[in-house]
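Subject: Structure handover

Hi,

Here is the structure I promised to pass on. Please open it alongside this note.

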Amino acid sequence: MVEKCNTLENTWKGGFREGLCNGMIVGFDYGYSYKNRDKTYCVPSGVNQGQIVKVVRKYIDEHPEKLHELYGKLIIEALNESFPCNKQ
């Protein structure tokens with residue numbers, strides 16, 4: 001899935017894939033947030049879905065050595081890095 005999300009073309013197929021990838025990121029975050037009360041990242045209020053998508057895609061772009069890893073794992077890593085919880 002990561003490879004497909006990182007090879008988006010400027011065509012209708014690319015637009016479909018971009019929507020699919022963005023939907024996966026937002027859906028994963030929603031499901032993870034709902035299911036895990038002890039999650040490891042805390043997205044501040046006011047951060048919208050578009051920002052979350054950009055954070056994850058930037059992380060994936062900056063870590064090409066991880067392209068073989070599970071997409072969900074990369075989403076969590078990206079959000080952990082950008083939005084760590086301040087647990088004390």
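Below is what came out of it, by topic.

**Ground rules.** This is a predicted model, so local features need pLDDT of at least 70, side-chain atom pairs count only at pLDDT 80 or more, and totals for chains, interfaces and linings use all residues. Residues are numbered from 1 along each chain as its sequence is written, and side-chain values use heavy atoms, with hydrogens and water left out.

**Confidence.** pLDDT is the predictor's confidence in each residue, from 0 to 100. The protein has a mean of 78, and 74% of its residues reach 70 or more. Helix 1 (residues 2-6) has the lowest confidence, with a mean of 56. Helix 4 has the highest, at 90. Helices here are DSSP runs (H or I, at least four residues), numbered from the N terminus.

**Core.** The largest nonpolar core has 18 residues. A core is a set of buried Ala, Val, Leu, Ile, Met, Phe, Trp, Tyr and Cys residues joined through side-chain atoms within 4.5 Å. Buried means under 20% relative accessible area, exposed over 50%, partly exposed in between (1.4 Å probe, protein chains only). I25, V56, I60, Y71, I75 and L79 touch the most other members. Helix 2 (12-35), helix 3 (49-62) and helix 4 (71-82) each supply at least two residues of this core.

**Surface patch.** F16, L20 and M24 form a nonpolar patch on the surface. Together they have about 290 Å² of accessible area, by the Shrake-Rupley method with a 1.4 Å probe, where only the protein chains shown count as cover for residues. F16 lies in helix 2 and is exposed, at 57% relative accessible area.

**Disulfide.** A disulfide is counted when two cysteine sulfur atoms lie within 2.5 Å. That rule gives 1 disulfide. C42 is joined to C85, S to S 1.8 Å. C42 sits in the loop between helix 2 and helix 3 and C85 in the segment after helix 4, so the bond ties together parts 43 residues apart in sequence. The S-S torsion is about 95°, so the disulfide is right-handed. C42 is partly exposed at 36% relative accessibility, whereas C85 is buried at 16%.

**One more contact in space.** E81 is in helix 4 and exposed, at 52% relative accessibility. E81 and Y41 are 40 residues apart in sequence and 8.0 Å apart, C-alpha to C-alpha.

Best wishes

How values were computed:
Patch = residues over 30% accessible without salt bridge, like charges linked within 9 Å, V, L, I, M, F, W, Y side chains within 5 Å. Salt bridge = Lys/Arg side-chain N within 4 Å of Asp/Glu carboxyl O.
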